[in-house]
Amino acid sequence: MSTHYKTLIVGGGITGVCAAYYAMKQEGGENVLLLEAQESLGGTAQTEQVDGFTCERGPNGFLDKEPKTLQWVSDLGLNASMVKANIAAARRFIFRNGRLHELKPPPAFLFGGPLSVQGRLRLCGEPFIPQRVSNEEESIWDFAARRIGAEAADTLVAPMVSGIYGGDAKQLDLASCFPRMAAMEATHGGLFKAMRAKAKEKKSGGGSAMGPGGTLTSFGGGMATLIGTAATALGNSVRLNCPVARIARGASGYSVSTTGGEEFTADRVIVAAPTHGACHMVRELDSELAGALEAIPYASMAVVCTGYERSAVQRSLDGFGFLVPRTQGKRILGCIWTSTLFPGRAPDDKVLLRTMIGGTADPEAVGESDEALMKILRDELFPILNIKSEPVLQRVYRWEKAIPQYTFGHQDRLRTIESAEGRHPGLCFAGNAYRGVGLNDCVVSALRAVNGEQ
């Protein structure tokens, strides 16, 4: 005989954990069950503490601009545990033509930086570029090249996209990945015009800055603090090592079957699993829905955390880190200077770096051996940062199908999924595969599912 719940959540990443927490607050712990296929909660949000180093396997933190995330942190009693990034994190760099260039705001960027004189002049011509009137999909790269020039698109925008999505700016849909940027042109006619309008609103107290906003924030013990605290709150409402095989309609709402032969029923089911797994769970229930889920591609990523004696890294680590445009012929996507970002991430006499390799441009990287990945660092990272000796710490984290890609057709896929949610009341899909890949997006998605919002 199956056990019945009011709410059953499939998938124990950030989204599933957050959804389970708030479902429990609404319905009580005995009425909620979270099923997670792996042996621990958190998905990619995992932290390893070793020899005084704090290594993040996945996200470094979140921007403290989303009220829903801050409320969750507060509800978990973690306000005092939050740690803001060092002010030096505001400095960011691009690697081009053999060296690091700091990204500076105007007017300073006119007198140097990663762009050539011609590239800077072309960027300055953005206010004179006519507004696009077509409603057809446009890639992030095409949008950037059209408005600020191909050089800026390759050098500034494409590496930012690979840093966030691990993806190809020429294949990702602007409106899906950066709806705010698309709205800037649609509403104001251009980027500089939009920035001027927002600056006026901010000056009069009616708006906010144009940047992403917020300060990068984590916890003293890393992102595992958030997951661990939430897991304690969930208590016995969690089942680990419990992969779901099938979701079906039943006499009492939905029937959820596991690969181990267990069956549960629930009034509603929130699917917070990656879409490449969720599609198989619902194929018998709704083949059109399964097709839309399966069509969302993912990028794989290898994260290499390395610790060094401070004296071994002879380049000043005075910033967030750097990104590498694909045009530079490197395999590394970028490097985050972790021990600069947050206090206590490395022993006082050492530094901690976090290098990303892979993405859609280099899918083979995730399958490389530890030795091969370290060779990439020696060949590419060591010269950039003038590293003179081998690391005293090395950790490699491989994430296959880690980051969803909002490629062309993503909005159509979302409409198909939303239509299916309408056909199957009580069945909802949440996570980073739909409307944003950041931690804040996951929290918003979780609450949308729990509260039944469209």
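**Stop 1: helix 2 against helix 15**

Select K68, T69 and W72 in helix 2, then L439, N440, V443, V444 and L447 in helix 15; these two sets meet. Contact here means heavy atoms within 4.5 Å. Helices (H or I, at least four residues) and strands (E, at least two) are DSSP runs, numbered from the N terminus. Helix 2 covers residues 67–75 and helix 15 covers residues 439–450. Their axes come within 8 Å and cross at roughly 80°. Axes are lines fitted to C-alpha atoms, for helices over the stretch in contact, with angles running from 0 to 180 degrees between N-to-C directions. Helix 2 and helix 15 are therefore roughly perpendicular to each other. The angle classes are: under 35 degrees roughly parallel, over 145 roughly antiparallel, 65 to 115 roughly perpendicular, and the rest oblique.

Colour the contact of helix 2 with helix 15 by residue type: 5 nonpolar, 2 polar and 1 charged. Nonpolar covers Ala, Val, Leu, Ile, Met, Phe, Trp, Tyr, Cys and Pro; charged covers Asp, Glu, Lys and Arg; the others, Gly among them, are polar.

**Before moving on**

This is a predicted model: local features need pLDDT of at least 70, side-chain atom pairs count only at pLDDT 80 or more, and totals for chains, interfaces and linings use all residues. Residues are numbered from 1 along each chain as its sequence is written, and side-chain values use heavy atoms, with hydrogens and water left out.

**Stop 2: A446**

Stay in helix 15 and select A446. Buried or exposed? A446 counts as buried, at 0% relative accessibility. The classes are buried under 20% relative accessible area, exposed over 50%, and partly exposed in between (1.4 Å probe, protein chains only). Not counting residues up to four places away in sequence, A446 touches T15, C18 and A19. Now draw a C-alpha to C-alpha distance from A446 to A23: 9.7 Å, across 423 residues of sequence.

**Stop 3: the whole chain**

Zoom out. The protein has 15 helices and 19 strands. The C-alpha trace spans about 70 × 55 × 45 Å along its principal axes. With 454 residues, a compact globule would have a radius of gyration near 22 Å; the protein has 23 Å, which agrees. That radius is taken over C-alpha atoms, and the globule rule is 2.2 Å times the number of residues to the power 0.38. Of the 454 residues, 53% count as buried. Among contacts between residues at least 6 apart in sequence, 71% join residues at least 24 apart.

Switch to confidence colouring. The mean pLDDT is 95, and 97% of residues reach 70 or more. Over residues 206–211 the pLDDT is below 50, yet this stretch has 14 contacts in the model beyond near neighbours in sequence. pLDDT is the predictor's confidence in each residue, from 0 to 100. Where pLDDT is low, the predicted coordinates should not be read in detail.

**Stop 4: T215**

Select T215, in the loop between helix 8 (191–203) and strand 9 (216–219). T215 is partly exposed, with a relative accessible area of 35%. Its contacts, leaving aside neighbours within four places in sequence, are F62, L63, D64, K84 and A85. F62 is 153 residues away along the chain, and the C-alpha atoms of T215 and F62 are separated by 7.9 Å.

**Stop 5**

Select helix 4 (residues 140–148). How many of its 9 residues are buried? The count is 7, and helix 4 is mostly covered. Show I140, W141, F143, A144, A145, R147 and I148; these are the buried ones. G149 follows helix 4, with a positive phi near 105°.

Go on to T155 in helix 5 (residues 150–165). T155 counts as buried, at 1% relative accessibility. Beyond neighbours within four places in sequence, T155 is in contact with I94, R96, P114, L115 and P325.

**Stop 6: T258**

Jump to strand 12 (residues 253–258) and pick T258. T258 is buried, with a relative accessible area of 7%. Leaving aside neighbours within four places in sequence, T258 is in contact with L35, C242, P243, V244, A245 and F264.

**Stop 7: two positive phi values**

Select D51, in the loop between strand 3 (47–50) and strand 4 (53–56). Phi of D51 is near 55°, a positive value in a residue other than glycine. D51 is exposed, with a relative accessible area of 62%.

Finish at N386, in the loop between helix 13 (370–385) and strand 18 (393–404). Phi of N386 is positive, near 55°, in a residue other than glycine. N386 is partly exposed, at a relative accessible area of 28%.
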